[in-house]
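Thanks for coming, everyone. Please bring up the sequence and the model, and I'll talk you through two spots.

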Amino acid sequence: MRHLPGTAQVVALANQKGGVGKTTTAVNSAAALAEGGFRVLLIDIDPQGNATSSLGIDKTDLDGTVYDVLVDDVAIAEIALPDVRPRLDLLPSTPALAAAEVELVGMAQRERRLAQACDVIEQAYDVVVIDCPPSLGLLTVNALTATRHVVIPIQCEFLALEGVSQLITTIDLVKRRLNPHLDVLGVLMTMFDSRTRLSAHVVDEVRRFFPERIFETVVPRSVRLAEAPSYGQAIAEYDPASRGGVAYRAFAGELIARLGLAVPTNGSVPPNTTLPLTNRAVR
Ligand SMILES: Nc1ncnc2c1ncn2[C@@H]1O[C@H](COP(=O)(O)OP(=O)(O)O)[C@@H](O)[C@H]1O
Ligand SMILES: [Mg+2]
């Protein structure tokens, strides 16, 4: 698949389980893609606003958030924070977004409000990354309606696949009713612990379940990845050479390939598309 230039590819990180690595993946892949020369918009559609704070943005000092886009029809271009990093814009979120879940219910086109807002920014970005909340409510449905591609992060832990079939059912429902283009781009294994047999076992199990969809890159459990947000930094800034930094660069490379994005020539540091952390290594 070759992607047409001039229209953004949209990718949503979704899994209704909390703590599986959605935000970590959204922030670090958005940062890696921007570093690689792509124009990126990161949309934080989780009321917890973790993606917003992970990039060091002060949530008490915002002129607008994704709430204004969803509920009050304000254009994304008016609200998005430009260049929070070179080539990376952020549509931020705050806890006030929780009210939108309720307020949207009575609105016309309530599932399509983000999609409609995204229609007019397609030319401005190469990639739009959406960080979903840990639920399958209207905010996640808005994200799934606004995207073609879903990436499902799955934590390498006991009962990893629990809830995934419910997520797939929701994706199928949105595909049938709202967004025929929607598809699962891939499944990303996160928080892999090489010291336990459980992690390797879980990767095998998920690979059996999604043989074609699982990404080669497996993100290791890494203290550096957990620390970076408290410094308001992506791993590419905090510790690019750490195992987590290498993994998210490799994952960004896989995203570029699966999305059929043409690698720009202006990237300061093109993402490393070699894959040093493959899940083959952990079989
Ligand atoms: N690979 C990893 N290694 C160590 N800690 C991680 C890793 N990925 C995420 N975390 C930490 O785990 C917690 C949950 O991750 P997060 O990305 O916020 O999940 P979600 O957005 O799905 O709720 C966060 O504190 C995050 O810093
Ligand atoms: Mg999150």
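Start at glycine 21. One of its backbone N or O atoms sits 3.0 Å from an oxygen atom of ligand 1. That is a polar contact, meaning a pair of N or O atoms within 3.5 Å. Threonine 24 uses its side chain: a polar atom there lies 2.5 Å from an oxygen atom of ligand 1. Proline 220 puts a polar backbone atom 2.8 Å from a nitrogen atom of the ligand. On its own, ligand 1 exposes 550 Å², and the protein buries 79% of that. Those areas are Shrake-Rupley values with a 1.4 Å probe.

A word on sources. This is a predicted model, where local features need pLDDT of at least 70 and side-chain atom pairs 80 or more, while totals for chains, interfaces and linings use all residues. Residues count from 1 along each chain as written, chains are lettered from A and ligands numbered from 1 in written order, and side-chain values use heavy atoms, without hydrogens or water.

Now the whole shell. How many residues surround ligand 1? The count is 14, with Gly19 and Ser222 among the closest. "Near" here means a heavy atom within 4 Å. Helix α1, residues 22–35, gives the largest share, 3 residues.

Is α7 mostly covered or mostly open? Covered: 8 of its 8 residues are buried, that is, under 20% relative accessible area with a 1.4 Å probe, protein chains only. They include Leu138 and Asn142. Their packing partners include α3, β5 and α8, with contact meaning heavy atoms within 4.5 Å. Helices here are DSSP runs of H or I, at least four residues; strands are E, at least two.

Key: A polar contact is a pair of N or O atoms within 3.5 Å; within protein, one must be able to donate a hydrogen and the other to accept it, and residues adjacent in sequence count only if both atoms are side-chain atoms. Buried means under 20% relative accessible area, exposed over 50%, partly exposed in between (1.4 Å probe, protein chains only).
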